[in-house]
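Subject: Structure for you, with notes

Hi,

Here is the structure I promised to pass along. Please open it next to this message, and my notes come after it.

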Amino acid sequence: MAKEQLTAPKTQENLKIWIMDNLPLVIVAVFSLILFILVYLRGGPPQIFNILVTGAMWALLATGLALVFGVMNIPHFAHGESFMIGAFVGYFVFNPLNQYLYDNPNSLLQVVAPILAILAAGVVGALMGILIEKMIFAPLRHRTKKGWVMNAFLLTVGISFVLTNGTNLVLGPNFRGIPRFYDVDALQLWGAYIAVDRIMAAGIAIVTISLLWFFLQRTKTGRAIRAVSQDETGAQLVGIDLDFIQTLTFSLATAMAAISGASLLFMFQAYPTVGVTPLYFSWYVVMLAGLGNVAGAIVGGFIVALLQSSTQMFIGLSWQSVVPTVVMILVLVIAPSGIFGSEVKGVQEQ
Amino acid sequence: MLEIKNLDSGYEFLQVLWGVSLYVDDGEFVALIGPNGAGKSTTLRTIAGLIESKGGEIIFNGKSITKKSAHIISRMGISYVSEALNLFTDMSVRENLLLGAYAVKERGVQLETLDYIFELFPRLQERRDQLAGTMSGGERKMLAIARGMMSNPTLMLVDEPSLGLQPNLTYDVFDALLQLRDQGVTILLVEQNVNATLDITDRAYILEQGKIVMEGPSKEVKSDEHVRNAYLGI
């Protein structure tokens with residue numbers, strides 16, 4: 001009896017300690033919950049679904065960033081250009097298919113065409129990732145690891161310039177968009193009308209993230225990727241080929257960004273600088289969650305989307321980038337390693 | 001099994017090893033001892049491929065592994081248990097062990113070795129789902145050695161297993177190494193605990209300032225005047 005009385009306050013004490021240890025996380029969680037309820041009361045289900053779509057996309061982009069930083073210690077600022085390439089590939093695959101469908105209606109192809117375009121973007125993204133890693137990062141890594149984070153950062157900025165201006169040179173600054181992927185009426189869900197394109201985009205993001213999660217947690221190669229992010233030397237000692245894992249990781253991240261670029265084609269259109277907004281928002285997500293924290297990036301994606309749409313709703317559309325930026329500054333001041341407190345190994349050592 | 005000829009090695013502007021030659025025969029338990037900074041760890045790290053040698057040759061089972069990268073050397077059957085352990089701290093004990101068998105293709109063989117390891121280290125079986133980073137120092141050493149064994153290596157390079165351990169745990173680790181030796185695994189051990197090391201090993205090399213200054217059966221080395229004065233404090 002006396003023992004039970006002792007344990008009860010102890011769990012309360014533990015909870016208190018846990019809250020104090022994870023104060024930034026608790027604050028963000030409580031704040032997000034309040035915002036979520038407010039958005040729901042004001043906007044109803046369509047707004048919630050909007051957050052789900054945008055959040056899933058930010059999560060898809062940010063997991064790529066988190067992977068690249070966690071495994072390769074590259075602060076990737078050309079991630080938006082992977083998004084841009086994906087958007088262009090999506091456009092150039094979907095548009096001819098769509099034209100063809102005008103002349104020869106075919107219900108099966110109509111359903112499959114957007115998926116084909118998005119898959120093509122994923123494949124091109126993966127190949128581009130391999131090419132960039134093999135041509136740029138691998139040679140640098142083999143030459144020296146001194147000042148790696150800074151050098152890699154500058155390289156990604158350079159890649160971003162080259163890709164943006166290269167695309168501008170070849171394809172011109174024109175906007176290439178599509179009105180919609182699926183030319184059908186919006187679906188009625190929970191008393192609200194939601195475009196099929198949005199449902200598809202959210203579905204693709206969620207499926208891709210789940211596949212990635214399964215790959216990282218359950219397969220041998222996925223386990224090797226996590227091993228490299230935790231201890232490079234240890235990974236080499238058990239026989240993991242660092243070059244292979246790093247090329248694979250970069251390729252996966254690029255493919256995921258390209259997939260989100262193609263699946264958001266109906267929202268963003270394709271033009272050379274389309275990647276800037278997605279890049280900033282995915283960086284907000286990884287800064288909020290903690291650099292290199294893949295699980296945190298998924299949750300963070302939805303939090304940033306929530307911030308974004310509640311700003312649109314309560315303050316005004318033009319403030320939608322300002323408020324997340326202010327929140328990021330606060331996060332950096334209060335919890336520099338993110339609300340989930342990720343600890344990236346190897347950065348300090350280099 | 002392992003033969004090193006005139007090995008020069010070190011870091012960018014600092015050469016640590018100067019013409020080190022040594023050999024380890026099949027099934028032997030060999031010690032490499034010496035004072036701090038003599039280059040013991042550098043020797044092991046160079047064999048494991050973590051440091052590129054500056055000269056000389058390393059031959060393993062008749063093949064030169066001098067300039068090979070670490071993961072290839074590991075796949076050839078050399079397992080290096082480093083001083084820093086290099087465990088995957090955010091993964092469970094089981095995942096760490098399975099990664100130790102990364103180069104083993106057949107899943108069945110992996111699981112068989114895992115069962116065998118758990119039999120050898122019951123403590124690790126108890127903690128199979130615990131994160132490696134949350135274990136005590138002694139358990140982490142055990143895990144590092146066990147992970148090194150998961151690839152069924154023919155040669156194990158073990159770097160200072162007793163470092164930072166209380167004496168009774170040190171003997172646990174040494175027991176594990178002796179069991180390994182009895183399984184027919186060849187071991188090259190680097191240790192600071194000279195007295196105990198010379199009791200359990202077959203042969204010993206003394207490394208001072210990057211050069212081998214003495215070699216011989218452990219018993220002879222232990223009775224040597226210089227060793228008794230410098231390392232055993234007798």
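This is a predicted model: local features need pLDDT of at least 70, side-chain atom pairs count only at pLDDT 80 or more; totals for chains, interfaces and linings use all residues.

Residues are numbered from 1 along each chain as its sequence is written, and chains are lettered from A and ligands numbered from 1 in the order in which they are written.

Sheets in chain B

Helices (H or I, at least four residues) and strands (E, at least two) are DSSP runs, numbered from the N terminus. Two strands pair if DSSP finds at least two bridges between them. In chain B, four strands make an open sheet with antiparallel pairing, in the order β2-β1-β4-β5. Because β2 and β5 (63-64) of chain B each have a single partner strand, they stand at the edges, and one side of each is left without a neighbour in the sheet.

Strands β1 (residues 2-11) and β2 (residues 14-24) of chain B run antiparallel and are joined by seven bridges. They form a hairpin with two residues between them, and Leu7(B) is found opposite Val20(B) of β2(B).

Another antiparallel pair in chain B is β9 (residues 203-208) with β10 (residues 211-217), held over six bridges. Here Leu207(B) stands opposite Ile212(B). This hairpin also has two residues between its strands, and Gln209(B) takes a positive phi near 45 degrees in it.

Helix packing

In chain B, α6 (residues 137-149) and α7 pack at an angle of about 15 degrees, their axes 10 Å apart. Axes are lines fitted to C-alpha atoms, for helices over the stretch in contact, and angles run from 0 to 180 degrees between N-to-C directions. The two helices are therefore roughly parallel (angles under 35 degrees count as roughly parallel, over 145 as roughly antiparallel, 65 to 115 as roughly perpendicular and the rest as oblique). Residues of α6(B), including Met142(B) and Ile145(B), meet residues of α7(B), among them Val173(B) and Ala176(B). The residues of this contact divide into seven nonpolar, one polar and two charged (Ala, Val, Leu, Ile, Met, Phe, Trp, Tyr, Cys and Pro count as nonpolar, Asp, Glu, Lys and Arg as charged, and the others, Gly among them, as polar).

After α7(B) comes Gly184(B), with a positive phi near 95 degrees.

In chain A, the axes of α4 (residues 79-103) and α12 (residues 276-289) come within 8 Å and cross at roughly 135 degrees, which means that α4(A) is oblique to α12(A). Among the residues making the contact are Phe83(A) of α4(A) and Leu279(A) of α12(A). By class, this contact has four nonpolar, three polar and no charged residues.

Where the chains meet

How many residues of chain B are in contact with chain A? There are 21, and they touch 15 residues of chain A (two residues are in contact if their C-beta atoms, placed from the backbone, lie within 7 Å). On the chain B side, α2 (70-75) and α3 (93-100) are the elements that give two or more residues. The largest share, four residues, comes from α2(B). That side of chain B divides into ten nonpolar, seven polar and four charged residues.

Best wishes
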